[in-house]
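Please examine the sequence and the structure shown here.

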Amino acid sequence: MKLDLVIAGAIINDSIMIRQAIDSCPDYNYNEKYILFDGLSNDRTFDEHIRYQEYKNNIKYLYPDFKVIEFKECIYFRNMIKGFSKISVADKFLVVQDDVILPKFNLTDAVDLMNTLSDCKILCFPHKVIDVNYNWFEIIETSDTPLLSATKTHGFTERTFLCDKDNILNICETMPSNNKNNKRFTTLQWRNIRRVHGSLRKIL
């Protein structure tokens, strides 16, 4: 099973943020590591284009072990992931947006948990805790065991997630861009049930 690390980037006010996002990614034997840089919209000034290119060049220099893909036009996150899914040879991606710091967790454990659940195609690690009263996601099913607390919902946060490549490509090609009310768009999210050193941090 091959897994790619994908950092999704764009023009950003604080260049430290993407470095914090990259440095927070878990250690793992990734197939490849990528940084995707979205293009700039047409209303951006010449100076903004220059600064953005300097920013990208600096990130390339700081992270030579990453392959960098630069999009010429502003296509936004969804289309970057869609395009990347068509060229990657990996089976799964860990996707991290450039302004998010990942919580500490064991990625091997996360992959193993995802593989044990046949209907789990997206496993997300939200940038903030979402409780049962938060109405962004409609809850389908919850379950609790001594080792696992899982909530299956009609949606997911795109900030940080582990996904199956074929499934995420199918979503991008067949589902509307706003899936808030799409009953077929499901995922599993995990609540943090224990903070034992070396164990997976499961977050809802």
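Ile-16 belongs to helix α1; helices (H or I, at least four residues) and strands (E, at least two) are DSSP runs, numbered from the N terminus. This is a predicted model, in which local features need pLDDT of at least 70 and side-chain atom pairs count only at pLDDT 80 or more, while totals for chains, interfaces and linings use all residues. Residues are numbered from 1 along each chain as its sequence is written, and side-chain values use heavy atoms, with hydrogens and water left out.

**Helix α1**
- Ile-16 is partly exposed, with a relative accessible area of 37% (buried means under 20%, exposed over 50%, partly exposed in between; 1.4 Å probe, protein chains only).
- Ile-16 and Asp-98 lie 82 residues apart in sequence and 9.6 Å apart in space, C-alpha to C-alpha.
- In α1 (residues 16-23), the residues Ile-18, Ala-21 and Ile-22 are buried.
- These residues are on the same side of α1 because they cover an arc of only 95 degrees around the axis, taken from the directions from the helix axis to the C-beta atoms.
- The cover over the buried residues of α1 includes β1 (3-9), β2 (33-37), α2 (46-62) and β4 (92-97).

**Nonpolar cores**
- The largest nonpolar core has 29 residues, and Ile-7, Leu-94, Leu-107 and Leu-162 have the most contacts inside it (a core is a set of buried Ala, Val, Leu, Ile, Met, Phe, Trp, Tyr and Cys residues joined through side-chain atoms within 4.5 Å).
- Two or more residues of this core come from each of β1, α1, β2, α2, β4 and α4 (107-116).
- Helix α4 gives the largest share of this core, four residues.

Definitions and conventions:
Contact = heavy atoms within 4.5 Å.
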